[in-house]
Amino acid sequence: MRKVSSIIIAILIFINIAACGTQKETQFVQTTSEETTTTAAVVTETTGVQNKVESENESVEIRKWTDSLGRTVEIPKEVGKIALSGPMAQIVLYALSPEKLVGFSADWSEDVREYIPEEYLKLPTLGQLYGGKGEINLEELLKAAPDVVIDIGEPKKSAKEDLNNLSEQTGIPFVHVTLTMETASDAFRMLGDLLGLEERAETYALYCEEVYNRAKEIIENVGEENLVNFLYVTGDEGLNVIAKDSYHAEIIDMFTNNLAIVEEPSSKGTGNEIDMEQILVWNPEYVIFAPNSIYGKVEEMSEWHNVSAIRDGNYWETPFGPYNWMGFPPSVQRYLGMLWMPQVLYPEYVTYDLKEEVVKYYEMFYHCSLTDEQYDRLTKNSLK
C-alpha cells in the first residue's frame with residue numbers, strides 16, 4: 001500500500017472502462033451510477049449489528065465487523081470468497097480456508113509445488129498490495145469479486161487510511177488482522193468469526209498456543225542467562241543479518257541472545273546489511289543461514305574461519321519448502337522454526353519428536369501428507 005495513490009487511480013480507470021462494457025453481477029456492495037446500475041444495492045438497517053442488502057436479483061445479509069485496527073466495516077454475513085493482501089495472509093488463509101480463496105498473491109515455484117495439492121495450484125495469481133513482487137492485478141481482483149480482501153501481519157503505519165481508501169474505491173471491504181507469534185491464536189479466532197469458521201479456527205488457535213507455550217517453557221528451563229550468542233545470516237555473500245527487535249526477529253530474539261544490534265532494524269526479510277568486520281566483532285557461537293545464502297560454501301571462505309560458530313561446527317541452514325521455516329514472509333510457518341530451533345540449539349531440553357511435529361504441521365497448514373523422503377530433504381542441512 002505504499003503505492004496506494006497509484007493503485008486507486010488504476011482502480012478508477014478500470015471501473016470507468018468497465019462501465020462502458022457489459023454489466024457483471026458482483027457479490028459485494030458497491031456504489032454505482034444510475035447509468036450503469038440495473039441492480040443497485042440499497043443498505044437498510046435491521047436488528048442489532050446486521051443490515052440487509054436488497055436488489056432486484058438478490059438479497060444478501062451483511063453485518064458490521066471490527067478489525068484489528070478498530071475499523072468497523074460492512075461484510076456479508078456469509079463470506080464465501082476471499083482475496084489476499086499478500087504472502088503473509090496467503091500462508092494463514094491457505095491453512096484455514098483454502099476453499100474460499102479466489103487466488104494467490106504469488107506464483108508457486110517449481111521446487112515447492114510438490115507440497116501444494118493440484119486443485120489449489122489452478123487458482124490465479126492476483127499479486128499483492130504491500131510492496132514485494134507482483135503488484136496486485138486489479139482487473140483480476142475485481143473479476144474474482146471477493147466478498148472481502150484480508151491483510152494479515154504487522155500493520156503498516158498508513159494501514160487505516162490505505163484500507164479505507166481501497167474499500168471506498170472498489171466497493172470491496174478490506175480488513176486487517178494483526179498477527180504475531182504471541183497473538184496468532186487471537187488472530188485465528190478473529191478470522192474464524194469473520195469467515196464463519198469458528199470451530200476450525202479454534203483448532204488452529206489451540207495449536208498455536210500449545211507450540212508457543214512449549215517454546216516458552218523450554219526457554220525458562222534453559223534460563224535467559226544461558227541463551228546462545230547467535231546470528232541469523234542472509235544474502236548471497238552472507239553479509240546481511242536479521243536485527244534484534246525487528247518484526248522478522250521474533251523467534252530469533254525469543255530463543256537466543258541475538259547479537260545483531262543495529263540503529264535501525266530493517267523491516268525487510270533480507271535484513272540489515274553489515275560487513276565481515278562487524279561479524280568478527282560479534283563473533284557468534286551459533287549461526288543459522290537463510291536458504292540460498294552461503295551455508296554450502298562457508299567452509300571455503302577464509303574470512304569466516306575465525307568465527308566461533310564456523311570453527312566449532314555450530315551452524316545450520318534453514319529448512320525451506322514451501323516456505324522458509326524461520327519466516328520471510330514472517331507468517332505462521334515460523335511455528336516450524338519454533339519447533340526446530342530448540343532441537344538444534346538446546347536438544348537436551350526438547351521432549352517432543354521433531355519429525356512427528358513437522359508432519360502434523362504440514363498436514364494442518366499445507367494440507368500435505370509429508371513423506372519420509374520429503375522430511376529428510378527438508379532437514380538435510382538442518383540437523384546434526
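# Close-up views of the predicted model

**View A. Glutamate 198 is placed in helix 7.** This is a predicted model, in which local features need pLDDT of at least 70 and side-chain atom pairs count only at pLDDT 80 or more, while totals for chains, interfaces and linings use all residues. Residues are numbered from 1 along each chain as its sequence is written, and side-chain values use heavy atoms, with hydrogens and water left out. Helices (H or I, at least four residues) and strands (E, at least two) are DSSP runs numbered from the N terminus. Glutamate 198 has a relative accessibility of 45% and therefore counts as partly exposed (buried means under 20% relative accessible area, exposed over 50%, partly exposed in between, with a 1.4 Å probe and protein chains only). Apart from residues up to four places away in sequence, glutamate 198 touches Gly192 and Asp193 (contact means heavy atoms within 4.5 Å). Its C-alpha atom is separated by 8.7 Å from that of phenylalanine 188, ten residues away along the chain.

**View B. Phenylalanine 188 and tyrosine 204 form an aromatic pair.** Rings of Phe, Tyr and Trp (its six-membered ring) pair if their centres lie within 6.5 Å; planes under 30 degrees apart count as stacked, over 60 as edge-to-face and the rest as tilted. This rule gives 22 aromatic pairs. For phenylalanine 188 and tyrosine 204, the ring centres are 5.3 Å apart and the planes lie at 20 degrees, so the pair is stacked. The two residues, 16 apart, link distant parts of the chain: phenylalanine 188 belongs to helix 6 (residues 184-195) and tyrosine 204 to helix 7 (residues 198-222). Phenylalanine 188 and tyrosine 204 are both buried.

**View C. Helix 2 (residues 87-96) packs against helix 6.** Two packed helices are described by the angle between their axes and the distance between the axes. Here the angle is about 65 degrees and the axes are 12 Å apart (axes are lines fitted to C-alpha atoms, for helices over the stretch in contact, and angles run from 0 to 180 degrees between N-to-C directions). Val92, Leu93 and Leu96 of helix 2 meet Phe188, Leu191, Gly192 and Leu195 of helix 6. The residues of this contact comprise six nonpolar, one polar and no charged (Ala, Val, Leu, Ile, Met, Phe, Trp, Tyr, Cys and Pro count as nonpolar, Asp, Glu, Lys and Arg as charged, and the others, Gly among them, as polar).

**View D. Arginine 334 lies over the face of tyrosine 247.** The distance from the ring centre is 5.1 Å (a charge sits over a ring if NZ of Lys or CZ of Arg is within 6 Å of the ring centre and within 35 degrees of the ring normal). Arginine 334 is part of helix 11 (residues 334-345). Its relative accessibility is 0%, so arginine 334 counts as buried. Residues up to four places away in sequence aside, arginine 334 touches several residues, including Met181, Tyr247, Glu250 and Trp325.
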